Amino acid sequence: MKIRIKGNSLRYRLTKSDVYRLSQEGYLEDKTEFGGRELVYVIQKTNGKDLSAFFNDNVICLQIPGKMINELHDTDKIGFEGKEGNLQLLVEKDFTCLDNVDEDQGDNYPNPLADKSE
């Protein structure tokens, strides 16, 4: 799971195993250490109808309805977007990069543009 924060935009990108685990457990968590403190980022399943988010005690939490999780897991749906006040929310499958990068992408989804770039 990766997060990207830019201005009033919060984007979560999920690998295949992230989507599977979220569909089974309804919860994902990771963290980044800053000296003696941690920034924790979470996705958790809700019974609501829309994406929502909150930030509390160094935790960024994206809440996603179970129906959306099932659709991410069971279909070719790429992702979902929503809004929490002025904050734009996006959760999407993480595709392999078309450029050469120095990170392991073995668990990423195949990039649908890969065949077109050859």
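Here is what to select, and what you will find there.

You're looking at a predicted model, in which local features need pLDDT of at least 70, side-chain atom pairs count only at pLDDT 80 or more, and totals for chains, interfaces and linings use all residues. Residues are numbered from 1 along each chain as its sequence is written, and side-chain values use heavy atoms, with hydrogens and water left out.

**Stop one: the sheet.** Switch to cartoon view. Helices (H or I, at least four residues) and strands (E, at least two) are DSSP runs, numbered from the N terminus. Look for the open sheet of 4 strands, in the order 3-4-6-5 with mixed pairing; two strands pair if DSSP finds at least two bridges between them. From one strand to the next, the twist averages 15 degrees; axes here are lines fitted to C-alpha atoms, for helices over the stretch in contact, with angles from 0 to 180 degrees between N-to-C directions.

Now pick strand 4 (residues 37-46) and strand 6, which run parallel and share 7 bridges. Zoom in on T46 and you'll see P65 of strand 6 opposite.

**Stop two: the helices.** Select helix 1 (residues 16-25), which packs on the sheet and touches strand 3, strand 4 and strand 6; contact means heavy atoms within 4.5 Å. Its direction makes about 125 degrees with that of strand 3. Next, helix 2 (residues 66-74) packs on the sheet too, touching strand 4 and strand 6, at about 80 degrees to the direction of strand 6.

**Stop three: the core.** Which residues have the most contacts inside the largest nonpolar core? Show Y12, L14, I43, I64 and V91; the core has 20 residues. A nonpolar core is a set of buried Ala, Val, Leu, Ile, Met, Phe, Trp, Tyr and Cys residues joined through side-chain atoms within 4.5 Å. Center on I43: leaving aside neighbours within four places in sequence, its contacts include M1, L22, Y27 and L62.

**Last stop: a loop.** Go to D57, in the loop between strand 5 (52-56) and strand 6 (59-65). Its phi is near 50 degrees, a positive value in a residue other than glycine. D57 counts as exposed, at 68% relative accessibility, while N58 is partly exposed at 28% (buried is under 20% relative accessible area, exposed over 50%, partly exposed in between, with a 1.4 Å probe and protein chains only). N58 has a positive phi too, near 65 degrees.
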